[in-house]
Amino acid sequence: MKKLTYLAFSFFSVSMFAQEVSQEKVQTILSTLASDEMKGREIGTPENEAAANYIAKLFKENNLEYCTGSSYLVPFEYKGKTAYNVCGIKKGTNPEYLGFSGHFDHIGISKNPKDHIYNGADDDASGITTLIGIADYFKNKKPEFSMVFMAFNGEEKGMLGSRAIAANKNLDYIYDHMTALFNFEMVATESAFGKNALFMTGDEFSDLDELFNKNAENGLKIYPDPYAVQQLFYRSDNVSFVKKKIIAHSFSTVDMTKAKHYHHENDDVSVVDFTNLTKIINNLAKTLEKLTPSNFSPQYNNKVKLD
Ligand SMILES: [Zn+2]
């Protein structure tokens, strides 16, 4: 009997553990995107397309379906050529969607003889890793909310990818049922509020943070934007969806009083706190697992400018 209980318990704990995203996986994904081989993932380069294909491969591994057409790659025109956003969906038991996004492009290479690659580990390989981590967590689960995962291209050239995909009519079936979009932008470091914490841009415009924090697992907390004066809410990819009247905020951990790597060659894996990032990904996922259209229906107030 004792033995049986032990076996049953160990099986239970193994299967409980198995749903967590491992730090090893987080490291592999982020390090691949931020590797020198990706040459800074600038839109219009073969390396940018390689990054899109790598993300598509991970979407497939995580059992996502295509958003539109016969590929995860959703084309748009960039300087007379084709560039791609990457989009995958997970159907939940409810037709209402939560969206998760980040941008996979970065600013390419520099002329610095010591280090000429803008690896963009924090900006924004960390955000892409976060949304893939969430997809991974739900790989073999059926969440209540349906989920859409979008990796935007061309953010660094003026949010081109998010603008294009937000205007794509083939995705209106998702946008018309989108409860909220979580856009992750630079989440690799410890925040000014400490570990296991993110801040949300435009926190004063909706009650998303309050509703999320009410359900938050394992001490994860979303704080107000300490840099609100910089109006990041209107200057990040989420704004393409704000204009569609969708609740869309960006989430970040960057401590602007300390960070010295923004758009510098030293934004590489050495700035990443993988323990904290893995914890945040798992706690986000565990919180999302509890959300339903009845306990999570964030609304804008009248302070927001929707156009
Ligand atoms: Zn960025």
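Mentor: Let's start with helices and strands: they are DSSP runs, numbered from the N terminus, with helices (H or I) needing at least four residues and strands (E) at least two. This is a predicted model: local features need pLDDT of at least 70, side-chain atom pairs count only at pLDDT 80 or more, and totals for chains, interfaces and linings use all residues. Residues are numbered from 1 along each chain as its sequence is written.

Trainee: How many helices and strands does the chain have?

Mentor: The chain has 9 helices and 9 strands. Its radius of gyration is 19 Å, close to the 19 Å from the globule rule for 307 residues, so the chain is as compact as a globular protein of that length. That radius is taken over C-alpha atoms, and the rule is 2.2 Å times the number of residues to the power 0.38.

Trainee: What share of the residues is buried?

Mentor: First, the cut-offs: a residue is buried if 20 or more other C-beta atoms lie within 10 Å of its own, exposed if 12 or fewer, and partly exposed in between, with C-beta atoms placed from the backbone. Here, 48% of the 307 residues count as buried.

Trainee: Which residues of helix H2 are buried?

Mentor: Here's the general idea: an α-helix has 3.6 residues a turn, so residues three or four places apart point the same way. In H2 (residues 23–33), the buried ones are Val26, Ile29, Leu30 and Leu33. They sit on the same side of H2 because they cover an arc of only 90° around the axis; that arc is taken from the directions from the helix axis to the C-beta atoms.

Trainee: What covers the buried residues of H2?

Mentor: The cover includes helix H3 (46–61), helix H4 (121–137) and helix H9 (274–290). It rests on contacts, meaning pairs of residues whose C-beta atoms, placed from the backbone, lie within 7 Å.

Trainee: Is the peptide bond from Asp123 to Asp124 cis or trans?

Mentor: Most residues other than glycine have a negative phi, and most peptide bonds are trans. The bond from Asp123 to Asp124 is cis, with omega near 0°, and Asp124 lies in helix H4.

Methods. Two residues are in contact if their C-beta atoms, placed from the backbone, lie within 7 Å.
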